Amino acid sequence: MGEPALKSSQNYAVKESINGMMASIKGIIPIEISFGPPSLIQSAFHQRDIGVLIGLTGDLGGQVLIEGDLDAFSSVAEVMFGMKVEGEMLESFVGEFGNMVSGNMATHISNSDIILNISPPTVVVGGSKFTAFEKGIKMSVTFNTDKVINIIMMMKKESE
Amino acid sequence: MRVLVTDDAAFMRMQLKDIISKLGHEVVGEAENGKDAIEQYKKLMPDLVTMDITMPELDGINALKEIKSFDPHARVIMCSAMGQQGMVLEAIQNGAKDFIVKPFNQDRISEALEKVS
């Protein structure tokens, strides 16, 4: 009885988090964007140039990874703040972008009575392999025709 | 006004500094976490503090409480990506003058500064 109820509430939290993430991205990036269908990841995930990790605690435990190439994040900074950003300032922007996306997602889903808190962002520079999760859900966000960033929600084991 | 900007992201501090300066105020200090903000507040005694919430070392809500206990007249504006009702209420109950949800624009910063000046 307990386990299915737990799974059911976790599935609800995951579904609402995906919806909240999409609403957050739409609200933050002020140009037309398109979302690829969410897909399940059950093996290691390889990051491209740069990414940001945000820890989630509360009704859903896990991490959010937002990753892409430098050019894609630089384009996001340009459409959001009207300026080209590079080097260390781009790395700082990527961290703040992760903070804004996750924070706004947490705000959106608080309307569905799901309480989430987020950790300060950790920026990961360079290609990296992520394995420490049981399953993840990946969403691709495309803008300016060919710029793509991926959002991966990495969930802890359901029994934890 | 003399303003202390608090945010763990250098990019965000740069944005805030740029906007606040354009609005005719002076950014007298930059803090990268709550602990740093408390130390700089005591040293600089600014007219206003902008305070992020999710930061390493010490978060913005606890830094707000410390600053208000040191100086009950301190004017602090929260500036955070976390805009849940509970978070906003906690900040206001602890003496924050306004709560700006990121991302922000110059108009929203201007409105907040006018409110406290």
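Which residues is B:Asp52 in contact with, leaving aside its neighbours within four places in sequence? Keep that question in mind as you open the viewer. The model on your screen is predicted.

**Stop 1: B:Asp52**

Select B:Asp52. Look in the loop between strand 3 (48-51) and helix 3 (60-70) of chain B. Now show what surrounds B:Asp52. Its contacts, with neighbours within four places in sequence left aside, are B:Thr6, B:Asp7, B:Asp8, B:Gly60, B:Met78, B:Cys79, B:Ser80 and B:Lys102. Is B:Asp52 buried or exposed? B:Asp52 counts as buried, because its relative accessibility is 1%, and buried means under 20%. There is also a note on this residue in a database. An unreviewed UniProt entry lists B:Asp52 under "modified residue: 4-aspartylphosphate".

**Stop 2**

Phi of B:Glu57 is near 70°, a positive value in a residue other than glycine. B:Glu57 has a relative accessible area of 64%, so it is exposed.

Next, select B:Met45. You will find B:Met45 in the loop between helix 2 (34-44) and strand 3 of chain B. B:Met45 is not a glycine, yet its phi is positive, at about 45°. With 39% relative accessibility, B:Met45 counts as partly exposed.

**Stop 2: a cis peptide bond**

Select B:Lys102 and B:Pro103 together. The peptide bond from B:Lys102 to B:Pro103 is cis, and its omega is near 0°. B:Pro103 lies in the loop between strand 5 (98-101) and helix 5 of chain B.

**Stop 3: the cavity**

Now look for empty space. Rolling a probe the size of a water molecule over the atoms shows where such space is left. How many cavities of 30 Å³ or more does the count come to? The count comes to 1. The volume of the largest cavity is about 40 Å³.

Helix 5 of chain B makes the largest share, with 3 residues. The lining of the largest cavity has 6 nonpolar residues, 1 polar residue and no charged residues.

**Stop 4: the largest pocket**

Show both chains again. The largest pocket has a volume of about 260 Å³. Its lining has 13 residues, and the closest to its centre are A:Glu91, A:Ser92, A:Val123, B:Asp8 and B:Ala9.

Which elements give two or more residues to the lining of the largest pocket? They are helix 3 (87-110) of chain A and helix 1 (10-22) of chain B. Helix 3 of chain A supplies the largest share, 6 residues. By class, the lining of the largest pocket has 6 nonpolar, 2 polar and 5 charged residues.

**Stop 5: chain A as a whole**

Chain A has 3 helices and 10 strands. Follow the chain along its sequence, and the pattern reads α-β-β-β-β-β-α-α-β-β-β-β-β. The radius of gyration of chain A is 15 Å, close to the 15 Å that the globule rule gives for 160 residues, so chain A is as compact as a globular protein of that length. Its C-alpha trace spans about 55 × 30 × 30 Å along the principal axes. Of the 160 residues in chain A, 49% are buried.

Then select residues 51-128 of chain A. UniProt, in an unreviewed entry, lists them under "domain: Chemotaxis phosphatase CheX-like". This span is 46% helix and 28% strand, and its end C-alpha atoms lie 9 Å apart.

**Stop 6: A:Arg48**

Finish at A:Arg48. This residue is in the loop between strand 3 (45-46) and strand 4 (50-58) of chain A. A:Arg48 is partly exposed, with a relative accessible area of 29%. Leaving aside neighbours within four places in sequence, its contacts include A:Glu67, A:Asp69, A:Gly126 and A:Asn150. Last, draw a distance from A:Arg48 to A:Leu70. They are 22 residues apart in sequence, and their C-alpha atoms are 8.8 Å apart in space.

How values were computed:
Residues numbered from 1 in each chain as written. Chains lettered and ligands numbered in written order. Predicted model: local features only at pLDDT ≥ 70, side-chain atom pairs only at ≥ 80, totals over all residues. Heavy atoms only, no water. UniProt positions renumbered as here; feature names shortened; annotations may be inferred. Helix = DSSP H or I, 4+ residues; strand = E, 2+ residues; numbered from the N terminus. Buried < 20%, exposed > 50% of the residue type's maximum accessible area, 1.4 Å probe, protein only. Contact = heavy atoms within 4.5 Å. 1 Å grid on protein atoms, 1.4 Å probe; cavity = no way out; pocket = protein on both sides within 12 Å on 5 of 7 lines; lining within 4 Å. Points joined across faces, edges and corners; volume = space filled by probe spheres on them. Nonpolar A, V, L, I, M, F, W, Y, C, P; charged D, E, K, R; others polar. Rg over C-alpha atoms; globule rule 2.2 N^0.38 Å.
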